[in-house]
Amino acid sequence: MTRVRRGYIARRRRTKIRLFASTFRGAHSRLTRTITQQKMRALVSAHRDRGRKKRDFRRLWITRINAIIRGGGVSYSYSRLIHDLYKRQLLLNRKILAQIAISNRNCFYMISNEIIKSGECEEFNEMI
């Protein structure tokens, strides 16, 4: 019986997988079965860490804003600032606030002072 020559489809699939894993080290870039396992693991990690990156950046922005507010010598906290921003319906997200806080502190202090003043006025009016 004559030998059957296989087509190119399987070879093309393996080549594609090898190109994906070409930067991996050791057997992870050479053995087909190990390459497929590592590829699945890499894709799972990438999918998970896309969400984690968003969380990490949000935490970083919150930390920066809070540090600058507390460092200003004002007895004011991050949570009160965000609460007053929402009360005044100002559309400044945490990313923009953190960039302003780092690049131009005076501008950030002006924003926070305006919010503090308006918050105190509203509290005083509510008390009366």
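Select Phe108 to begin: leaving aside residues up to four places away in sequence, Phe108 touches Ile65, Ile68, Ile69, Leu81, Leu97, Ile100 and Ala101 (contact means heavy atoms within 4.5 Å). You're looking at a predicted model, where local features need pLDDT of at least 70, side-chain atom pairs count only at pLDDT 80 or more, and totals for chains, interfaces and linings use all residues. Residues are numbered from 1 along each chain as its sequence is written, and side-chain values use heavy atoms, with hydrogens and water left out.

Now widen the selection to the largest nonpolar core, which has 15 residues. Such a core is a set of buried Ala, Val, Leu, Ile, Met, Phe, Trp, Tyr and Cys residues joined through side-chain atoms within 4.5 Å, buried being under 20% relative accessible area with a 1.4 Å probe, protein chains only. Ile65, Ile69, Tyr76, Leu81, Leu85, Leu97 and Phe108 have the most contacts inside it. Two or more residues each come from H2, H3 (78-88), H4 (94-103) and H5 (105-127); helices are DSSP runs (H or I, at least four residues), numbered from the N terminus.

Next, show H2 with H4. They pack at about 45°, axes 9 Å apart, the axes being lines fitted to C-alpha atoms over the stretch in contact and the angles running from 0 to 180 degrees between N-to-C directions. On the H2 side, pick Arg58, Trp61, Ile62, Arg64, Ile65 and Ile68; on H4, Arg94, Lys95, Leu97, Ala98, Ala101 and Ile102.

Last stop: H1 (residues 9-20) against H2 (residues 32-71), whose axes come within 10 Å and cross at roughly 55°. Here Arg14, Ile17, Arg18 and Phe20 of H1 meet Thr32, Ile35, Thr36, Lys39, Ala42 and Leu43 of H2.

Notes:
Buried < 20%, exposed > 50% of the residue type's maximum accessible area, 1.4 Å probe, protein only.
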